[in-house]
Structures are given as structure tokens and as C-alpha cells.
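Here are my notes on the model you sent over.

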Amino acid sequence: MPVRVAVPVRGGGLPVRGLRPPVPQVQEIVFRNFYTAFLSVRVQRPGPSGSRRWVTCLRDYCLMPCPHTEEGSQDYFSLRRHQMLCDVDQVTAVRFILRQPSPVWLHFTIEELQIFPPGQKSPQKDFPSWLSQLTPPEQPASLHGELPDPEKVSTEVQQMWVLTEVIRARQAAARIGRFDVSPAILLVGAPASPHFWRSPPGGGCSRRDGVGVWGGLSRQSDGAAQGPTVALFQVDGCYDINLLSYT
Amino acid sequence: MLDPDSGLSLTIARIVQRLKGSSLHSQLERQARVSLHKPEIKLESLKEDIKDFLKTSGWEKKLQNAVYSELNVFPSPCHPAAPPEHMKEPLAYMRKAQGSWEKRILKSLNSMCTELSIPLAQKRPVSEQKELLNKWNEMGTDEPDLSLFRPVYAPKDFLEVLMNLRNPNYENGEQPSFRSHLGLIQVPLKVKDIPELKEDFGELGLNIGQLGIDDSAQVPPEFFENEHVRVGQKVLAEQDSAAAQQYVRQGCPTALRADLWALILNISNQPEDILYYEQLKSNVIQHDLLVDSLIYKDVKLTASNDDYYFVFEDYLYQVLLCFSRDTSVLEHFTYSSATPPKSYIRGKLGMEEYAVFYPPNVAPLCFLYHEPSKLYQIFREMYVRFFFRLHSISSHPSGIVSLCLLFETLLQTHLPQLFYHLREIGAQPLRISFKWMVRAFSGYLATDQLLLLWDRILGYNSLEILAVLAAAVFAFRAVNLMEVTSLAAAEAVLADLSTLKVMPLLQIFLFATVT
């Protein structure tokens, strides 16, 4: 899956990609935190008159209850549809806004980001199979003569095939549905600081009182007929925000 | 984080999985089958009747206790995407530090082996096995030559490691600033402050009766003690773990303590437990581990010289030698940041794993339990629930790093002058209190006071009370400490804790200090 690395545009806006066909709903976003205190998520959706608007679907979700201390700093998080403020159907772009008000951390970012559309279970989420064997006597033995639904089986097989194709096509040793978001943004700190405008090569956000914006993960159309399960995203751009200043 | 529904299902799934193969499960099945012969069980309402039977015969309670025990011991399930090492310890740099510490210990052990030309593990010759079996109950009379063995590490070595722990993503500048900590611990873990501790340790409040305070000679027993003992007997009759845990927060009457602790730790002396102990004993007899000599030496140096514990020397050997071979202890490594090193028996391809640990605190338990197998089980359960956290590097709130930070923070916040003074004279308070906390005060307090303290550890399922007590001791001796001018003098002031009364100190520090 191609990932385009965007060049930071200082003080500028976000380069806008052309219109794209809408992507199916977002079911779950899974990521690993790295010292981000609060997360906001905005999605871009088609508006009533065909234009696209940005809508906030998660506002200041707390990842670290006490930003000066380690609690929650390297934990894994899941954001599900029902936690979002708005409908996340027909999403064309997703924007993650990371905030870390504490000045004691050198870098903050989120890692191992995965976005799952509905119908595809997040990989490790199925419960052990014996759990369904716990109350066997109550289930009537109704499957004896019945064959499983062919439609369902074929969709599942299709999904598996698409996933394996995607794995093969990718060079990085990353899991299905993982989107490499590289350097995006940055952050801002007290203007007096010499590192004010620095954007770190390794990605993520650095330095104080940061607000980091990951510009857009927007869907790229690549022509191939894709099943409902795989959506490809690419990093769109990033920009600096100066929200806080100590001068 | 998991949202509540899937979190609950995962917890249930995990507990069921753990209990599925246990002896409790087979006992429940057996009971259910036996109950089929009873007249009150009808075929139409089989399931309900069996459930009622299990309830009335007390088996449901046993199951409840087992579930409660699992909930207490294992951490809440983390995110399904999290790898297993994340469950052991979420912070990567702490995992790394624990790994290097273990390597260091292992290297030290290995070099000791090479120096003394003793293998880490070897099979005992048959004659030696017979001899050991005969002497099993009086191993203390043995006087092997242990002069060449040195301890693998001392508390101060471990403290050095903890002092040098740094988060690479933290602003560890050279200049002192508001970011650097004034104490020895420099990692920014979340620790509680006194208002939060007051809330957590609510049952230690001034208006609530405590054993250790309200059972002293001057207080008539009708006020508190008699009633408390009555309630304790009732709790034991009900055999309810959760109720017992709540009860011991106010202290345990001496006569009931052994049974109450066994109830809280969910230890029942089943035949298979006794068998397990016998099996461990036979492992000890057949194989000789290097660790055994270290244990001997440690026991000889500490407990045998102690006025209170020397009588238990033989018990200590029996328990500790078995413990070093107990592979079921390894289960706790799934939630401990430590990883057990492996040792191979010379000449055999078999793997015998053992945990390298800082000799833990068995001696006080000998006062309570007299049969070796029960003593062993209690000790093992206490180790895998609490004491292992004192010997490994982790970010857990009851881990030794958090306890040290909690101690230093409490002292700085509430006794700033004392803290500053001690720091100026080169006597960082943690240097003195570390050895108390890492041994859970065993060997420093009088035994009855120690057992009252451990009642609270069990009751609150946390070791934070150790840090609070350490700070309270400093507060108590603050006047003397303000006058000392060196680390040695400070240590002398705090050398003897055997006359201290634990509960009044804790109460005053938490609830009666003007801030």
C-alpha cells in the first residue's frame, strides 16, 4: 500500500486532494499511544450540497489522565463508532489532532494506527472458541442437516483473499489495515524556544505544549475493485498550529 | 482502553479459562453428579435444582472466593492488540531495565559458579539424598562451608539500579528545574497524595476502631475488641473471601489470623496441595541447586541471628528450598515485568526453570502456620500476589519504584524542612527507608506489629501502605533527625524500629497531621 510522505508546509494550509468516491464506514480505530495526552479526531464527509466539510467526531479524548506522569502514556486504545460524536459513514479523510500540554516530554505521537471498517473484526478480538462451548446443552442441535449459507461463506472467503493480496503487495512487515503515517506534524511551543519550528524527521510531534496535527489520511482510489474490507489511505499533508505562546 | 462491555466479557472469559482446569472445577462437577441422587433434584428443573444445591452446600461460595481471588491477582485485561509483554509492563524502558537487571544477576550467579566450580544445578548422589531425607526436619543443624558464597546482590545494589532509571522521552536535563525530582527516583510515575490515600485507606480513620490501637490494655474490650472478634468468627463461619478481606482492614485478632489469611488468599489444604508440597520436597532431595547454598547462607545470616525468628530456622529451609523449585510460581510472570532465567542440569537435557529472587520474607509467617505444606502455600501465595513486586522493576502502583517515589513525594510534601535538611547533609531519606520497604519491614518491626501491617496489605491488596509507614516513621523521628549532620547519624536515629507501634503512626500521619 503506497504511502505518500508529505512535506510540511509552514504556516500554510492543508493541500486538498481532489474529490474521491466515499469510503464505507469506519468501525474502529486502534492505535498505540506514545505520550499524547488528548486526542481529537475530525473526519471529512460529503455535505448536503456535495461539498465536503470537516466534522469533529471526537473531542479531547483523554489518553493520559495526568499528563505530567506516565499513566496511559504507552497504552493501546480503541475508538469505536458508538463513541464518536457524529456519523462516520462516507469518510474521505481523517484528521488526528494530538495535544500534550505538559512540557516535560520530548516527543509525543501515536503509533501502530489501524482503522477498521465494519464487517472486519479487529484481529485479536475474537474470544477463545471454547467460550462458545460453555452452554452446549441449551443450543438445539439444529445444524445437523443444514449447510452454511453459501453467500456468507463466499464473502468471507473473498475478504480473506483480498487481505492476503494486500499483504503480499506490501513490502513493510506491517499488519493488515495498518497505515504508515509518517512525518506529519509538529508542533509548536513557546516562540522563545529555539526548537519552535522544528519538524522532526522521525515523525510525530516534539517539544513543548504541543499541538500536533496529522493531516489527513485520505482515501486514494487506485482503480482496483476492492471489497468492502480494504480501504487505502495516504497521508495528505501537515501544518503547524500556534495555539499557545508564553510571551 | 477497552470499553466496559468487551472488557467485562474478556475478564469473564479469562477467569473461566483459568478455573476450567483447576481442582475446584472437578470438585464442583463431582458434587453436581453426587447431588443427582438427592430427592430434591428433579429432572424437569435439573439445572436450577443443582444450582440451588451448590448454593446451600457452600460450593457456590467457594467458587465466588476463587473468582474473587483471580480478580485480585491478575490485572485487568489489556487491549486485545497489546502484545503479552505489554501486559507484563506497559512502559518499554522499564521492561528494558528489568531485562538488564536480570542479566546482571544471572551473570553474577554464573561467575560465582565458575569461580567455585559448582554447577548451577546437579543431581544429588543417592547416599546424599538419603541423608538429606533423614535430616529434613533439622536442616538447621547442618553447618556447610558457606564462606565462599557471597550474596548475589544487596538492597543497595538494587537501589542504585532504580536511581539510574530514566525515561528516554523525559526532559532529563542537567539543570535542576521543576521537572527534576529532588529525591533519588527520577521517573515520573503517578503516585497518590495524602487526600487520595485518606480516601483509599478510609478504614484506618480516627473514628474507626483498629486492632493495634483500640485493643491496648487501657481500652476496655467492650468498646471494640470483643465485637470485632465476634464479627471475625462470623466471617470465618461464612467462608467468604471478600468479607474477610474487608474485615482485616481493621486488623486481625491473633487467634483468627491464620485462618483469615488462608481464606483471603484462597488456600484450602486439599490433599492435592499436600501432595504437591511432597513432590517439591522430593525435587529438593534429588537435585541440588546453587541457589540452595545461597538460601542457606542468607537464612544463617539473618533469621538464625534474629531474636524472634531463630526458632523457625528449620521451617525456613524447608519452605525456601521448595519455593526455589516451584514452577507454578512462574505463572505470575505473565503479570510481572520479570522473566525467569533458565538453568540446565548438567548431564541432562531437561530444562529446570527457577526464579532468581531476593530471598523473601518467610519468617514472620512461621508464627502463624505450623504445618510445612500450609506454611508453604501461604508463603507462595503472598509472594506471587505482593512480594514479587518488591524485587522487580515495573510501573505498577505497588511496585518498588512507585513505592519509593510515593515515599519521597510524601516526605517532600509534608516534611519539606526535614527532607531538605537530610538532602543537604547527604542523607537522602530513601537510602535509609529502602531496605525497610524492600523487605516489607520484616526484620525491622516487632513481630506483632509486622503482622498488623501485613493484615492491611492483605486487606487493601496493595503495598502502598509500606511507603506511608516509612514516611510516618520519619515524621515521628523528625525532631531527632533535624539535629543530625551525617548519613551515619541519620541511620543511627532510625536503626531501631522494634519499639514502634505501627497503627498509631499510620493514623497520625494520614489523618491527624496538619498540612
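1. B:Glu29 is partly exposed, at a relative accessible area of 39%. In this predicted model, its side chain meets that of B:Arg33 in a salt bridge, 3.9 Å from N to O. B:Arg33 counts as exposed, with 53% relative accessibility. Both residues belong to helix 2 (residues 23–35) of chain B and sit four residues apart, about one turn of the helix. The geometry makes sense: an α-helix has 3.6 residues a turn, so residues three or four places apart point the same way.

2. Now for a pair that spans the sequence. B:Glu464 forms a salt bridge with B:Lys192, and the closest N and O atoms are 3.2 Å apart. This pair links distant parts of the chain, 272 residues apart: B:Glu464 is in helix 21 of chain B, while B:Lys192 is in the loop between helix 8 and helix 9 of chain B. B:Glu464 counts as buried because its relative accessibility, 8%, is under 20%. B:Lys192, at 25%, is partly exposed.

3. Staying with chain A, have a look at strand 2 (residues 38–46). Seven of its nine residues are buried, so the strand is largely enclosed by the rest of the structure. It pairs in the antiparallel sense with strand 3 (residues 52–62) of chain A over eight bridges, and A:Arg45 has A:Arg53 as its bridge partner in strand 3. The hairpin of strands 2 and 3 has five residues between the strands, and A:Gly50 takes a positive phi there, near 95°. Strand 2 of chain A also runs antiparallel to strand 5 (residues 93–100) of chain A, joined by seven bridges. In that strand, A:Ile97 stands opposite A:Ser40.

4. On the overall make-up, chain A has one helix and nine strands, running β-β-β-β-β-β-α-β-β-β from the N terminus on. Chain B has 24 helices and four strands. Of the 247 residues of chain A, 47% count as buried; for the 515 residues of chain B, the figure is 53%. Chain A exposes about 12,500 Å², with carbon and sulfur atoms supplying 57% of it. For chain B, the accessible surface comes to about 23,600 Å², of which 56% belongs to carbon and sulfur atoms.

5. Which helices does helix 19 (residues 429–438) of chain B pack against? Its buried residues pack against helix 8 (155–163), helix 17 (400–414), helix 18 (416–424), helix 21 (464–476) and helix 23 (487–493) of chain B. Eight of the 10 residues of helix 19 of chain B are buried, so that helix is largely enclosed by the rest of the structure. Among them are B:Phe434, B:Trp436 and B:Met437. B:Ala440 follows helix 19 of chain B and has a positive phi, near 50°.

6. B:Glu203 is in the loop between helix 9 (194–200) and helix 10 (225–238) of chain B, and is buried at 16% relative accessible area. Leaving aside neighbours within four places in sequence, B:Glu203 has contacts including B:Arg249, B:Gln250 and B:Tyr460. B:Val229 lies in helix 10 of chain B and is partly exposed at 27%.

7. Last, a surface feature. B:Leu36, B:Leu43 and B:Leu46 form a nonpolar patch with about 290 Å² of accessible area together. B:Leu46 is in helix 3 (residues 46–56) of chain B, and is partly exposed at 31% relative accessible area.

Methods
Residues numbered from 1 in each chain as written. Chains lettered and ligands numbered in written order. Predicted model: local features only at pLDDT ≥ 70, side-chain atom pairs only at ≥ 80, totals over all residues. Heavy atoms only, no water. Helix = DSSP H or I, 4+ residues; strand = E, 2+ residues; numbered from the N terminus. Buried < 20%, exposed > 50% of the residue type's maximum accessible area, 1.4 Å probe, protein only. Contact = heavy atoms within 4.5 Å. Patch = residues over 30% accessible without salt bridge, like charges linked within 9 Å, V, L, I, M, F, W, Y side chains within 5 Å. Areas by Shrake-Rupley, 256 points an atom, 1.4 Å probe, with all protein chains shown as cover. Salt bridge = Lys/Arg side-chain N within 4 Å of Asp/Glu carboxyl O. Pairing = 2+ DSSP bridges.
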